[in-house]
Amino acid sequence: MERPLISLPSTEITQPSDISLVSNSVTSVQPNVLLRTGVFTPVGRKTNTYDVNRMDLTLDLVNLDLCQKEGYDSVTVKGTRLNIETDFKVWCGIVLVFSQYGLSSNTISLKFSEFAKCCGYPSRRFDKNLRKQIGDSLERIQSQSLSFRRKGAEKAVHTGMLLKARYDGDEDFVELMADETLWDLYRLDYQVLVSLKVLAKLPRAEVAQCLYLYFLALPENPVPVSFSRLRERLRLETSIKEANRKIKTGIKKLESIGFLTGSFLVKKGEQYYAIDKRFKKLNNSALKSISA
């Protein structure tokens, strides 16, 4: 029996009227919580990617519809580490697909080429190696389990960022299944427009890429950010001194491409970074200079 595939007529998707941001093949609308927490982190050659990581996201996700209806007051995520180079791109593709078709079905099948395009990959990359990279990434993303519990009660539900992922290189399709009870995850707090174009200007600089996501998620006129908070976000498996060096190098990379301006401060022995200005919109002069 031939599998029905969805053909995306356009990669540009307009969000509902209360959300003015737009996802397409070079930008992705992402929930703020996934940017400011350590879901996507730098994964270097020495990082043990098979370690299972667990994070408490209660403060960030307690307002989900599911929590409000069922009285869940504890939310954790557990799974293998997700990298910023491939896993975040694939996650952006997943978000883009379900942004358009999630209201009609929680299971979407589409051609590999269409999904790779949603992830921001150019057509010249559509080969066997990319299929394997995306397949491995879908496995890692599917490993992220979300657990909702009510403290002091025998009540819980376990689901995930992605319930099921299946791909077939011979038949050229990707199938994705999401938990429809979590649709409002993408409308919590406020949403941020992530530029995949900016990430592409930071090749092999995972620390800088993760810092870019984190700084995007901060509110307007943020207070100086401590390096201890940035170390927590990045979850670097190194000494504090080396982690601070990598953070400072990453921030300087973001300054060099024109994403932000600011200054380094030291207070009571702790290092801070004070943001002066961020250039978040794709049509401003700073981001135009990146593609010049």
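A: Leaving aside residues up to four places away in sequence, Leu211 touches Leu230, Leu234, Ile247, Gly250, Ile251 and Leu254, where touching, or contact, means heavy atoms within 4.5 Å. Leu211 belongs to helix H8, residues 206–217; helices (H or I, at least four residues) and strands (E, at least two) are DSSP runs, numbered from the N terminus. With a relative accessible area of 1%, Leu211 is buried, a word that stands for under 20% relative accessible area, while exposed stands for over 50% and partly exposed for what lies in between (1.4 Å probe, protein chains only). One of the residues Leu211 touches is Gly250, and although the two are 39 residues apart along the chain, their C-alpha atoms are separated by 7.1 Å.

All of this comes from a predicted model, in which local features need pLDDT of at least 70 and side-chain atom pairs count only at pLDDT 80 or more, whereas totals for chains, interfaces and linings use all residues. Residues are numbered from 1 along each chain as its sequence is written, and side-chain values use heavy atoms, with hydrogens and water left out. The pLDDT is the predictor's confidence in each residue, from 0 to 100; its mean over the protein chain is 80, and 78% of the residues reach 70 or more. Confidence is highest in strand S14 (residues 225–226), at a mean of 96, and lowest in strand S1 (residues 13–14), at 30. Over residues 6–20 the pLDDT is below 50, yet the model gives this stretch 34 contacts beyond near neighbours in sequence.

Leu130, Ile134, Gly135, Ser137, Leu138 and Ile141 are buried in H6. These residues cover an arc of only 165 degrees around the axis, so they sit on the same side of H6; the arc is that of the directions from the helix axis to the C-beta atoms. The other side of H6 holds Lys128, Asn129, Lys132 and Glu139, which are exposed. The buried residues of H6 pack against several elements, including helix H4 (87–101), strand S11 (164–168) and strand S12 (173–177). Phe173 lies in S12 and, at 3% relative accessibility, counts as buried. Phe173 and Ser109 are 64 residues apart in sequence, but 6.7 Å apart in space from C-alpha to C-alpha.

Turning to the strands, S14 pairs with strand S16 (residues 270–278) in the antiparallel sense over two bridges; two strands pair if DSSP finds at least two bridges between them. Within this pairing, Val225 stands opposite Tyr273 in S16. Strand S15 (residues 260–267) also runs antiparallel to S16, and eight bridges join the two, with Leu265 opposite Tyr272 and Lys267 opposite Glu270. The hairpin of S15 and S16 has two residues between the strands, and there Lys268 takes a positive phi near 55 degrees.
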